[in-house]
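Visitor: I have a model open here and a few things to ask. Can we go through it piece by piece?

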Amino acid sequence: TQITEYFHITGRTAPAVSSLETNEQSGFLYDHAAQGFLFNADCEGDVTLSLSINAKGSSTKRFFTVYIDGVKQELITADVIPNGDIVVNLKIASNLPQGKHLIEVFRNQENYYGDMTLLSVTMNGVPEKWVEDEDQIKIEVIGDSITCGNGITAVNGAADEEDVKHTNSVLAYPFVAARVLGAEISVVGRSGLTNANKAGTSKEPYYNSLSVIRYGNEHPYDHSKMDVDLYIVALGTNDYHAKLTNEQIIQDAITTMTTVRKDHPNAKILWV
């Protein structure tokens, strides 16, 4: 109740129990690329966010982008256990002057790199109740590595693409566009994602799941939870690499568009 009244999590989220034993402490799912944790608070000094991180892969780091009062801060790094669980206390603000502040914390990495559970926030002050902007544009996008920002800061081409430090969904076009528009963005995606069901990594479980990395197909996503104004389908690159025929690509596209229209009857749909 405290989280839903005082804090806002963008995109696909729900109450969740950490993968790590945290004395039965539960929190909220924070598994997706460019997912944001936003709140207003009358506070001062330091603000710390407690996160349970179930890291996938060999990297020992995870990265977060923080905005304070609309100003982008230095990148924040969390030390993690490769292919393991850890609770980290992430200092997201330091030496804040006393007063009212808007704090926004965005996850840089895509779903593929592991699940995260938001456990608690510690501050010297009090949060204010979050008031939804009913006029704010809401966008969801499903896409591949381009959408997730995989390799976006790579300096050695493909050699850097699997390095988590070069994956930054906050620099990719969905977040950048949403920021310019003052919109809320939900990014659903994975590197290598295809539109076809039988080529590479199919979009089906990602589109239909609350969080594939955490639940697989066992926790279907209720699309009515987010009444989006715009649904973006950013798929096809990996289908082309899979050497599907034009006829198959067209038929898969029609199937996807039909599904999105059924799930989001009021949204504009954009295929890129």
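Visitor: Which residues make the nonpolar surface patch?
Guide: This is a predicted model. In it, Ile137, Val176, Val180 and Leu181 make a nonpolar surface patch of about 360 Å².

Visitor: Where is Val180 placed?
Guide: Val180 is in helix α3, residues 173-181. Its relative accessibility is 70%, so Val180 counts as exposed, the cut-off for that being over 50%.

Visitor: Now α7. How many residues does it have?
Guide: Helix α7 has 18 residues, 246-263. From first C-alpha to last it reaches 26 Å, close to the 26 Å expected at 1.5 Å a residue.

Visitor: Which residues of α7 are buried?
Guide: Asp252, Ala253, Thr256 and Val260. Down the axis of α7 these buried residues fall within an arc of 105 degrees, so they line one face of the helix. An α-helix has 3.6 residues a turn, so residues three or four places apart point the same way.

Visitor: What do the buried residues of α7 pack against?
Guide: Against α4 (204-208), β14 (230-234) and β15 (268-271). The face turned away from the buried side of α7 carries the exposed residues Glu247, Ile250 and Lys262.

Visitor: Is Ala34 buried or exposed? And Lys243, buried or exposed?
Guide: Ala34 counts as buried at 1% relative accessibility, whereas Lys243 counts as exposed at 73%.

Notes:
Residues are numbered from 1 along each chain as its sequence is written. This is a predicted model: local features need pLDDT of at least 70, side-chain atom pairs count only at pLDDT 80 or more; totals for chains, interfaces and linings use all residues. Side-chain values use heavy atoms; hydrogens and water are left out. Helices (H or I, at least four residues) and strands (E, at least two) are DSSP runs, numbered from the N terminus. The expected span of a helix is 1.5 Å times one less than its number of residues. Buried means under 20% relative accessible area, exposed over 50%, partly exposed in between (1.4 Å probe, protein chains only). The arc is that of the directions from the helix axis to the C-beta atoms. Contact means heavy atoms within 4.5 Å. Patches are made of residues with over 30% relative accessible area and no salt bridge: like charges are joined within 9 Å, nonpolar side chains (Val, Leu, Ile, Met, Phe, Trp, Tyr) within 5 Å. Accessible areas come from the Shrake-Rupley method with a 1.4 Å probe; for residues, only the protein chains shown count as cover. A salt bridge is a side-chain nitrogen of Lys or Arg within 4 Å of a carboxyl oxygen of Asp or Glu.
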